[in-house]
Amino acid sequence: MARVVILGAGISGHTAAQHLQRLLGKKGHEIVVVSPNSQWNWIPSNIWVGVGQMAKEDVTFPLAPVYAKMGVDFRQAKAVAIWPEGDASSERAQVEVEFTSPERAGQRERIEYDYLINATGPKLNFGATPGLGPDGHTVSVCTYSHAEEASKKLQEVIARMKAGQRQRLVIGVGHGTCTCEGAAFEYTFNVEHEIRQAGVRHMAEIVYFTNENELGDFGVGGMSFMQQGFVTTSQLWTESLFRERDVRWILGAHAHRIEEGRIHYETLDGEDHVLDFDFAMLLPPFRGADLQAFDKQGEEITGDIFAPSGFLKVDADYTPKPYDQWRAEDWPKTYVSQKYANVFAVGIAFAPPHQISVPRTSPKGTVITPAPPRTGMPSGIMARAVAESIAEMIEGKASSPEHHASMAEMGAACVASAGKGWTKGTAASMTMFPVVPNYQKYPEYGRSLKDTTGELGLAGHWMKTLLHHMFIYKAKGRPGWSFIPE
Amino acid sequence: MSELSTDPTQSGPVSPAEVPLPASLAPKPSSKTLRQRTSVPLQAYRFAAVSLRMMSMIRKSHH
């Protein structure tokens, strides 16, 4: 009987666990999930926690009872090292974990595996910019607890505006290499919506602070789509919303350091600037979970398996090459490690071969380019593909991973909230196909104009609300969960 | 707003009193367009259309 160990219980790790249990659970195989968090979190709704429109309990649920019901072995722990070749005392591959549950906090354990899925998600690298983050001078919505704190600070700002003090709110990213600009966009317009609802919009200056070279880039190099008979761009479309809501923007920015109420930053032209703020929600850059790896003799081989960013190298083409030579086929298909055929990485944990947006560097050599997003729908699809591949290999139906989920061959649906409310809410409903532009297949725009779309409206808000409830239902493994697509 | 933004004695870059609205050729929506974006009957129709579009795209993305 085989054992599959999954590191992480976010969207990708949990999806992999559900499908592996569905495919293998009744056949005597063992699925083990290792996650330092006791709660599952529907992260896309954290922005609503961050404006006080949802509580923590609305976006989370405890993992242990769900896994107990599913028959999955759950260990509340964080992975610290892997031994893909085993060690001196055992031939079997192992992962070392350190427990984070209150009753076993700090204890370490080795878990042997036949297959390993690294779905650890990101390490929130607030340390990349001095002063960034909840331990510094800004807030975040990356976790539900961060979002709760952001909501409290936002209410304080609203109270000051009601008392007659004009306030500047800066929302965006806190480093030149950040990803998840879509989340910053959502939070910007949810904050704007809340302030308007509070009747103090005239007292607020809202500034979107981003590493994107143009609005609407979203880390995917922007999009082109048809609108009323014309091909338009996500840049024009996004700028229109910013103008309509009177949100200012600062582009191509890299924050060097943050002090109380002040951001020191550089722009792509190499100029240095400062920007004062009364409230700042700036997302951190991501890096891998800092897992170490050792060979059978105990020699460290971390650099052979992981990229310097801490993300696991998979079946991608990592050859450094200029932007005009980037190809869709550079992107991984099966997410299997380059070195070990029984190790996979999905979601944010896999190392992308390069950015999707055009890479840019300031005259001072500062890299200011969004990193590629690989969350949400793509992370779920790749997790399912990996689960299906592993199940087939365990059952002897395949000798190598056969399920593909290249981001250059899949689309993504993104519903970005611009304000919550059953009749007054709005959201941008966007689809793109494929996520990574394929100029060999779609020479003019890199993506299918038929399947790359965007529209703003109340329908988008309803859609985001539906997705919120649907995916929490699915994650809980309620009846019929597997019919809900990733 | 922080007092730092108006300190005339400070050397180096100074935070602007107000971040200017960047130049943009993007059209602003008309009041009719804004009403349509929150019109419940119209948006109910758009909800159905967007759902179908997303389902089609999701089908293409699962290999």
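In the predicted model, the buried residues of helix 2 of chain B pack against helix 9, strand 22 (412-417), strand 23, strand 24 and helix 10 of chain A. These buried residues are Q43(B), R46(B), F47(B), V50(B), M54(B), M57(B) and S61(B). Viewed along the axis of helix 2 of chain B, they fall within an arc of 115 degrees and therefore line one face of the helix. An α-helix has 3.6 residues a turn, so residues three or four places apart point the same way. The face turned away from the buried side carries the exposed residues P41(B), Y45(B), A48(B), L52(B), M55(B) and R59(B). Helix 2 of chain B comprises 22 residues (40-61), and the distance from its first C-alpha to its last is 31 Å, close to the 32 Å expected at 1.5 Å a residue.

Between the two chains, 43 residues of chain A are in contact with 31 residues of chain B. On the side of chain A that touches chain B, at least two residues each are supplied by strand 11 (204-209), helix 7 (234-245), strand 14 (248-250), strand 17 (272-276), strand 23 (427-432), strand 24 (453-457) and helix 10 (458-475). By class, this side of chain A has 17 nonpolar, eleven polar and 15 charged residues.

Helix 10 of chain A has 18 residues, which at 1.5 Å a residue should span 26 Å; its end C-alpha atoms are 26 Å apart, in agreement with that value. Buried residues of helix 10 of chain A include L458(A), W462(A), M463(A), F471(A) and A475(A). The helix is followed by G477(A), which has a positive phi near 70 degrees.

The largest nonpolar core contains 153 residues, of which V5(A), I6(A), A16(A), V33(A), I117(A), V346(A) and V386(A) touch the most other members. Helix 9 of chain A (residues 376-394) gives the most to this core, with ten residues. With residues up to four places away in sequence left out, V33(A) touches I6(A), A9(A), G13(A), A17(A), Y67(A), V72(A) and F74(A).

S406(A) lies in the loop between helix 9 and strand 22 of chain A. This serine counts as buried because it has 25 C-beta neighbours inside 10 Å, the threshold being 20 or more. Not counting residues up to four places away in sequence, S406(A) touches W331(A), P332(A) and K333(A). S406(A) and F433(A), 27 residues apart in sequence, are separated by 12 Å in space, C-alpha to C-alpha.

Definitions and conventions:
Residues numbered from 1 in each chain as written. Chains lettered and ligands numbered in written order. Predicted model: local features only at pLDDT ≥ 70, side-chain atom pairs only at ≥ 80, totals over all residues. Contact = placed C-beta atoms within 7 Å. Helix = DSSP H or I, 4+ residues; strand = E, 2+ residues; numbered from the N terminus. Nonpolar A, V, L, I, M, F, W, Y, C, P; charged D, E, K, R; others polar. Core = buried A, V, L, I, M, F, W, Y, C linked by C-beta atoms within 7 Å. Buried ≥ 20, exposed ≤ 12 C-beta atoms within 10 Å, placed from the backbone. Expected span 1.5 Å × (residues − 1). Arc of directions from axis to C-beta.
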